[in-house]
Amino acid sequence: MSEILKVNQLYFKHCNKKSWLKKPEVFELGPIDLDVRRGETIAIIGENRAGKSLLAKLLVGALKADSGEITLNSHFAHHAYQPSHISHDVRMIFQFSGEAMNPGLPVGKILDEPLRLNTKYNEIERRKLVEEVLIKVGLLREHIYFYRHMLSDGQQQRVALARALILQPKILVADEPFAALDPSVRSQTVNLILKLQSEMGLAFIFISHNLGIVRHLADKIIVMENGQIVESGKTETIFRWPQHDTTKKLILAYQSLVPQQTLR
Amino acid sequence: MAQFSLYQEEFHPSPWQKTWREFRSSHIASLGLMILLFFLVFSLFAPIIAPYDPLQQNVNALFIPPSWNVNGTISHLFGTDALGRDLFSRIVYGCRVTLGSSILLVLVAMVVGVTIGTIAGMLEGVRSSVINHLLDALMAIPTLLIAIIIVAVLGTGLVNSMWAITLALTPQFVHHTRSFVRTEMKKEYVLASKLDGANHLQLFFYSILPNMIEMLVVQGTIALSIAVIDISALGFLNLGARPPVPELGAMLADGMDVAYVAPWTVALPGLTIFLIVLAINVVGDGLRSALRKRLTQ
């Protein structure tokens, strides 16, 4: 298993100046160290305002880190890497996939955009790729002509997945991808991601509050609190022997909901 | 589910076809569009439609009433005015001057306003604010008043009044575009496009502009009706088009002197202005609701 992403001492400071009379609210993230291997699934869990989404945005390059570095695929890349670089190898699925779809464009155009901007395919080849990726995520070719408002939440999620997959990334970062879905569609999506992961060798980093899914999907878990990683390790280890207080709280809360799976 | 393509033959209407379908389902909007098209045809093909030269004076045919009057003749459909000019020809050419110049100046104002507004919306901080409020002083004064001031400086004339109205209409476009671009830039789909590697220009043309059309249609039709009214108002006040030019407002002013003798010389141009403005507003309203329905249903 080769490393494809290495995060070294990543640090970000968010200063929220609401008014000049009040003391500004400061949120600090990191410093964070993280290794991602090929085909690995990492779950980020933690309470609200723990900096999970922020970390995801930093990883895909939607925000610029204040210091630290992200090394991609063993070739050095600073936090200010080229946009073209980032969109190829690390792709993101947003928390509200509906909002991440342009309401004024049909699905075909939305999926065409990353190809048009990042590859040199002509129109016919792009169209073919779009159709392929739609079928891959379990949609139909006809969805090319569909607008956002014609699709259900699950379908929007699939479009977001298709958009992320179309450039054949190595790492997929997802911010609560399953939060808005009902249980059956959720498990469909989970299975879809597992299938695609085994097909394409994707590394998958996701944020979730649903520990059942985390336990099912993840190889590794990162627990965050107040912008810090407080605990990380193999999924089963964390679920069976949680060390930190936050982790214990989260795991206990999960186990009280699922009485059958007691600690043994 | 994916290996079949059962619906490949199905017809997928383009966005504009969908908008058109929604638009046609509203009868009032369709009627407005017909009236507007009627006037557009008038202004495009004025030389073919008009039976007489609008400037040709005929001493033998002064104050002939419209053809539906007992004393009217069919050779002058809408009658003639004080100088014996055929009123129908003058109204046809008047549509050309009034409506045509309004459309032209609204397009110029829209392009300039949207450009400035977009630049202001994409920039941040003081620069954005400066660009945004560049033309704000013009917004404090009513359009007609600005036009009168500009005409007073540059001299009367149709072209000068057109410049004046363009200048007066631009700030509205700047403001609406800027606030629209600002709110859109915060949305996640723009962030998603940014992550795809789109620069500002691509972001604007491919992501934001498709969503902006609705706003542009609304603002454009409002501006167009304002422009028609202002052009004819300036013509009426003798500040815009000079009297021999067949401009609807100027014709109205001409007719005022003989309103008691020949009421049709006032009523018919006035009715034309009214119908043009009404049609523009009805069409704009219909288009707006059609565009909204297209995206929400």
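**Close-up 1. The loop residue B:Ile141 of chain B in the predicted model.** In this predicted model, B:Ile141 is found in the loop that lies between helix H6 (136-140) and helix H7 (143-154) of chain B. The residue has 13 other C-beta atoms within 10 Å and is therefore partly exposed, a class that lies between exposed, with 12 or fewer such atoms, and buried, with 20 or more. Between the C-alpha atoms of B:Ile141 and B:Asn58, two residues that are 83 residues apart along the chain, the separation is 43 Å.

**Close-up 2. The packing of helices H4(B) and H5(B).** Helix H4 of chain B, residues 87-122, packs with helix H5 of chain B, residues 125-132, at an angle of about 160 degrees, and their axes are 8 Å apart. Because angles over 145 degrees count as roughly antiparallel, H4(B) and H5(B) are roughly antiparallel to each other. The crossing in which H4(B) passes H5(B) is left-handed. On the side of H4(B), the contact is made by B:Ile116, B:Ile119 and B:Ala120, while H5(B) contributes B:Ser128, B:Ile131 and B:Asn132. Sorted by class, this contact of H4(B) with H5(B) has four nonpolar and two polar residues, and no charged residues.

**Close-up 3. The nonpolar cores.** The largest nonpolar core has 75 residues, and those with the most contacts inside it are A:Ala43, A:Ile44, A:Ala162, A:Ile171, A:Val173 and A:Ile205. When its neighbours within four places in sequence are left aside, A:Ala162 is in contact with A:Leu111, A:Val133, A:Leu134 and A:Val137.

Definitions and conventions: Residues numbered from 1 in each chain as written. Chains lettered and ligands numbered in written order. Predicted model: local features only at pLDDT ≥ 70, side-chain atom pairs only at ≥ 80, totals over all residues. Axes fitted to C-alpha atoms, helices over the stretch in contact; angles between N-to-C directions. Helix = DSSP H or I, 4+ residues; strand = E, 2+ residues; numbered from the N terminus. Parallel < 35°, antiparallel > 145°, perpendicular 65-115°, else oblique. Left-handed = near helix turned anticlockwise from the far one by under 90°. Contact = placed C-beta atoms within 7 Å. Nonpolar A, V, L, I, M, F, W, Y, C, P; charged D, E, K, R; others polar. Core = buried A, V, L, I, M, F, W, Y, C linked by C-beta atoms within 7 Å.
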